[in-house]
Amino acid sequence: MPGKRKMLGKKHPLSIVIDEIKDVFIGMGYEIAEGPEIELDYYNFEALNIPKNHPARDVQDTFYINNNILLRTQTSPVQIRVMENKKPPIKIICPGRVYRSDAVDATHSPIFHQVEGLVVDKGITMGDLVGTLRLFAKSLFGEKTEIRLRPHHFPFTEPSAEVDVSCWACGGTGCRVCKNEGWIEILGAGMVHPKVLEICGIDPEVYSGFAFGLGVERTAMGRFNIDDMRLLYENDIRFLKQF
């Protein structure tokens, strides 16, 4: 019986990582926002500057209930709902489960988790975004962690970037975990597109903001040296009791 009680007190590795991420951002003054997993096409795509027939929808193929209702592909719709109903300043993170029509393998799943963040206020710059992400990376992966931004394109941010952290296994020298690159991609980020602000009734001439999003599974795999995402969902007690 004592052994059973001890095991019941343990957390799933995804829960551990989500709680750690929440703690970091709550410590920086962020609030937690949540929204529905069954979402309207408008909030999941159109309000994020992804109109019908936009090619960005191809990489976010999801499960449709009808033409206008779907399982959300990201937690970004929560950001839209918050901006519609709250005036700046806004400072939130949106953790939650999301869905995409992906085949199951060692690094993909049709169900996974994201944590996205949004800050909107007067005078927000790319420098604020970089400083926030640097503090986050050091808090989660260790004080010696560095970050690197690479130009990218997201319809809802401009400019946009993919964000890498120095490899937690080798410190950036190159190893099997980072494929000898020294860096591991963990999230996407950028400045909120002015059109998205306008759609939500926020004047882009007065306010600016940044947004970011990271996959929890990929972060957990890095934190705990897990090489197959399927282990996180199989409910194998021999695996889960390690945490």
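In which loop does P89 lie? Select P89 in this predicted model: the residue is in the loop between α4 (76-85) and β4. The peptide bond that joins P88 and P89 is cis, with omega at about 10°. Most peptide bonds are trans, and most residues other than glycine have a negative phi. The later stops return to both kinds of exception.

**The whole chain**

Zoom out and colour by secondary structure. The protein chain comprises eight helices and nine strands. Its radius of gyration is 18 Å, close to the 18 Å given by the globule rule for 243 residues, so the chain is as compact as a globular protein of that length. Along the principal axes, the C-alpha atoms fill a box of roughly 60 × 45 × 35 Å.

Of the 243 residues, 47% are buried. Among contacts with a sequence separation of 6 or more, 65% are between residues 24 or more positions apart.

**Helix α2**

Hide the surface and select residues 13-27, which form α2. This helix has 15 residues and reaches 21 Å from its first C-alpha to its last, close to the 21 Å expected at 1.5 Å a residue. Show the side chains of P13, L14, I16, V17, I18, I21, V24 and F25, which are the buried residues of α2. They pack against β4 (90-99), β5, α5, β9, α7 and α8.

In soluble globular proteins, nonpolar side chains tend to be buried together. To see this model's largest nonpolar core, which has 43 residues, start by selecting F136, L187 and F212, the residues with the most contacts inside it. The elements that give two or more residues to this core include β5 (111-121), β8 (183-192), β9 (208-215), α7 (216-224) and α8 (237-240). The largest share, seven residues, comes from α2.

Keep L187 selected and show its surroundings. Which residues does L187 touch, leaving aside those up to four places away in sequence? They are L133, F136, A161, E162, V163, F212, G213 and L214. Then move to F45, I90, V192 and I202, which are included in a second, separate core of 24 residues.

**Strand β7**

Select residues 157-166, which form strand β7. P159 lies in this strand, and the peptide bond from E158 to P159 is cis, with omega near 0°.

S160 is also in β7. Is S160 buried or exposed? Its relative accessible area is 7%, so S160 is buried, the cut-off being under 20%. Display the side chains of S160 and T157: they make a polar contact at 2.5 Å. Beyond residues up to four places away in sequence, S160 touches R150, P151, H152, H153, F154, A189 and G190.

**Two asparagines with positive phi**

Select N49, in the loop between α3 (41-44) and β3 (69-71). N49 has a positive phi of about 65° although it is not a glycine. Its relative accessibility is 15%, so N49 counts as buried.

Go on to N180, in the loop between β7 and β8. N180 likewise is not a glycine, yet its phi is positive, at about 65°. N180 has a relative accessible area of 61% and is therefore exposed.

**A last stop in helix α5**

Select residues 126-141, which form helix α5, and pick out G131 within it. At 33% relative accessibility, G131 counts as partly exposed. How far apart are G131 and A103 in sequence and in space? They are separated by 28 residues in sequence and by 36 Å in space, C-alpha to C-alpha.

Note on methods. Residues numbered from 1 in each chain as written. Predicted model: local features only at pLDDT ≥ 70, side-chain atom pairs only at ≥ 80, totals over all residues. Heavy atoms only, no water. Helix = DSSP H or I, 4+ residues; strand = E, 2+ residues; numbered from the N terminus. Buried < 20%, exposed > 50% of the residue type's maximum accessible area, 1.4 Å probe, protein only. Polar contact = N/O pair within 3.5 Å; in protein donor to acceptor, adjacent residues only side chain to side chain. Contact = heavy atoms within 4.5 Å. Core = buried A, V, L, I, M, F, W, Y, C linked by side-chain atoms within 4.5 Å. Rg over C-alpha atoms; globule rule 2.2 N^0.38 Å. Expected span 1.5 Å × (residues − 1).
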